[in-house]
Each structure stands twice: as structure tokens, then as C-alpha cells.
Amino acid sequence: MLNGKHITIGIESSCDETAAGVVADGREMLSNIISSQISIHTKFGGVVPEIASRHHLENINDVIDRALKEAGVSLNEVDLIGVTYGPGLVGALLIGVATAKMIAYAKNIPLVGVNHMHGHIAANYIEHKDLKPPFMGLIVSGGHTNIVDIEDYNTCKIIGETRDDAAGEAFDKVSRVIGLGYPGGPKMDRSARDGNKNAIDFKRVWLEKGSYDFSFSGIKTAALNYINNERQSGRDIDINDFSASFQEAVVDVITKKAVDACIEFKRDKLVLSGGVAANTRLGELLIERASKAGIQVFKPSKILCTDNGAMIASSAYYESLKGNYSNLKLDAAPGLEI
Ligand code: KG4
Ligand code: ZN
């Protein structure tokens, strides 16, 4: 406890960010330290799992120390440790889980294993102090594209999910081939701002009528074929037009399905989260379509969209309120479902 407030530290190491954040009473962010490995993985065009694990190991203690220092708390004042235990890369997850268990044991602090996807949703509890379930959630990241009905804190029902690539994954793959590099999402977002979204008509994949599932491998293949055809024909590709058109095809489908899900399931709040939630056009089109249907859109600031420790702390806090603690047998669960 610090000044009468419950203190949680959240630890995140599921992919390419080593992160720790301190949160008071589940909502107030006292610190959020993120050590990104993006520059290391850029030269390989994507995340290399072994390299990610090694860097987590090298950085995690320092990241935790900095998070505590910036928050002005000592480990003796920490009431709860939250750690991502899945989904993610197994070797990367293990570094966070082992570190969290070690601190929990040494300092006798309660531990909660956090589902990374619930963490992304919880980023919104930090950003929007009055936001409470129920609401419709839209999680769009490098590994997931899900529409989920959030009935309570950390409790949700999947309404729709991708049947192949995640949206962020599609951005990353297409970006690599067009030459913008890794990570593709932010690079294509930036390039799209100077492009014409109607320049290339990429076919949208809607799947069966009434389905809230997604498929992005078709749009991805169409984009890759377009690049190959143009290159083989010796024509120059306008990268900005290409990025804007590809991005529009992806966000058109996501926003339409998310708003339709809110209407069908009678939710008047739509909560966006995950790395791709930082996409400018996604936010813009979602607000435009949702407001026409009387639905309020919530999204976290950019730093809380991508992987971070504060969101894990918030999710752990709400899990602890339900009495759902983990013990020292907590293990990494790379394929953990929402
Ligand atoms: O949530 P996150 O940090 O990690 C996962 O849990 O996957 O999301 C990373 C993903 C990457 O695919 C990245 O390209 C994408 O989020 N991303 C974006 C943007 N910023 C990050 N995609 C589109 N537009 C952006 N501005
Ligand atoms: Zn994530």
C-alpha cells in the first residue's frame, strides 16, 4: 500500500517488448517502462524468438527497477504482481513468468497470471477512468483480431475472430514485401497519410452473411500479387497509394463488423485495443461509423495500445478482486485462448 492505495506491478514479456508498469487502485498509472526490441528485430524483418528471449533476460530486472523507481514505490509497498503468462512466444513468456514468481516468493507478494488479451482491454481502464463492463471489445494486434463481448472484468465471449492472419500480421508481411520494413503497421499508417485510399481496389473479404469472423490472408495475397505483377511489368508502384488502399481494405472490414456486432448484441460502447488500435485510419473510420449508430468509441493512447506493463497490472488488479490468484506453479501458456 502507498498512501492508502493498492499497488500492483505488471510485467510483460510475451513478444518483443520487455515492460513493467506500476498502477494504483487498478486505474492510476504511476509508471510504464517499455524496453522495445524493435530496432534489434528490424534487420531480420520480424521477431526472432531466441533473440527476443535473450533480450528479455538481459533487460527485465532493469525495467522492473526503473518502473518501481519512477513510481516512487519500493517492493515492500507492492500489494500484487501481475505477469503475462500467455498467449505469446514461449521462451519470451517464461522470462517474465520466472521473474515474477521469483519476486513473489522472495517478497511474499500475491501473484496473478494475466491473459495478454485481457491486458489489452484493461489498457482502456487506465485511460478512461469511468469505463466499466459490459461493452463490446475490438482487439486488433500482431497476433489477434477479435470482436469480444466483455460481460465483466476479464470475462468475455468471442463474437468473431480471424480464421487466418491477424490484421497486424498482414500489415507486417505486406510492408516487408513493399519495402517499408518492420514493424509494418506504423510504417504503412504513416505512408498512407500521403496516399489515395481509392487508388487500388483491393477486394474485401466479408465471409458468410452474419459472420463476425475475419480473413486477411486473401487481402494480403491480393496485395502481394499486385506488387509482383507491377514489378514484373516494370511499372513503378506509388507506395503511399498502395499503403492507403491496403489499409482501407483492412479497416473497412474491421470497422463494419465491429459496429454491426454492437448493434446486434445491443452494446452502446465499443472499446478498441491492441497494437493496431494505434492505426490512424482505423480510429477515424470506427468513430465515423459508430457515432452514426449511436455507439461511443473508447481507445487507449498510443503508448497503451502496444504491449506494456501497466495494462497487465490493471488486468491483474481486477482478477485479484475476484480472488483469482496464481501460485508458484504458474507456467507460460503460449496458446492461451481469450
Ligand atoms: O499488441 P502488439 O504490440 O503486440 C501483439 O500482441 O501482437 O501489436 C503489434 C502489432 C504489429 O503487427 C504492428 O505492426 C501493429 O501492431 N501496429 C500497427 C500500428 N502500430 C502498431 N498496425 C497498424 N497501424 C499502426 N499505427
Ligand atoms: Zn499485444
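The largest pocket holds about 1200 Å³ of space. The model it belongs to is a predicted one. In total 41 residues line the largest pocket, and D16, S141, G142, D172 and Y182 lie nearest its centre. Two or more lining residues come from each of α4, α5 (167–178), α6 (184–192) and α10 (302–305). Of the elements, α5 gives the most to this lining, with six residues. Sorted by class, the lining of the largest pocket has 14 nonpolar, 15 polar and twelve charged residues.

The domain assignment of the protein chain gives domain 1, made of 7–126 + 305–321, and domain 2, made of 134–300. On the domain 1 side of their contact there are 21 residues, and on the domain 2 side 23 residues. The C-alpha centres of domain 1 and domain 2 are 27 Å apart. Each of the two domains supplies at least three residues to the lining of the largest pocket.

The next element to follow is an open sheet of five strands, with mixed pairing and the order β8-β7-β6-β9-β10. Its edges are β8 (155–161) and β10 (296–298); each has a single partner strand, so one side of each is left without a neighbour in the sheet. On average, neighbouring strands of this sheet are turned by 25° against each other, direction ignored. In general, the strands of a sheet pair through backbone hydrogen bonds, and the pairing is either parallel or antiparallel.

Both senses can be followed here strand by strand. Strand β6, residues 135–140, runs parallel to strand β9, residues 269–273, and four bridges join them. In this part of the sheet, L138 stands opposite L272 in β9. The pairing of β7 and β8 is antiparallel and extends over six bridges. There V148 stands opposite I158 in β8. The hairpin of β7 and β8 has two residues between the strands, and in this hairpin N154 takes a positive phi near 60°.

A helix lies across the sheet strands. Helix α4 (residues 116–127) lies across β6, β7 (145–152), β8, β9 and β10, and runs at about 120° to β6.

Which residues line the largest cavity? They are H118, I121, Y125, I150, N154, T155 and C156. The largest share, three residues, is that of α4. By class the lining of the largest cavity has four nonpolar and three polar residues, and no charged residues. The space in this cavity is about 30 Å³. With a threshold of 30 Å³ or more, the count comes to one cavity.

Why does the largest cavity lie between domain 1 and domain 2? Domain 1 (7–126 + 305–321) and domain 2 (134–300) both give residues to its lining, so the cavity lies between them. The lining of the largest pocket, too, draws on domain 1 and domain 2.

Key. Residues are numbered from 1 along each chain as its sequence is written. Chains are lettered from A and ligands numbered from 1 in the order in which they are written. This is a predicted model: local features need pLDDT of at least 70, side-chain atom pairs count only at pLDDT 80 or more; totals for chains, interfaces and linings use all residues. Side-chain values use heavy atoms; hydrogens and water are left out. Two strands pair if DSSP finds at least two bridges between them. Axes are lines fitted to C-alpha atoms, for helices over the stretch in contact, and angles run from 0 to 180 degrees between N-to-C directions. Contact means heavy atoms within 4.5 Å. On a 1 Å grid over the protein atoms alone, a cavity is a set of points where a 1.4 Å probe fits but cannot get out, and a pocket is an open set with protein on both sides within 12 Å along at least five of seven lines; lining residues have an atom within 4 Å of a point. Grid points are joined across faces, edges and corners, and a volume is the space filled by probe spheres set on the points. Ala, Val, Leu, Ile, Met, Phe, Trp, Tyr, Cys and Pro count as nonpolar, Asp, Glu, Lys and Arg as charged, and the others, Gly among them, as polar. Domain bounds come from an automatic or database domain assignment.
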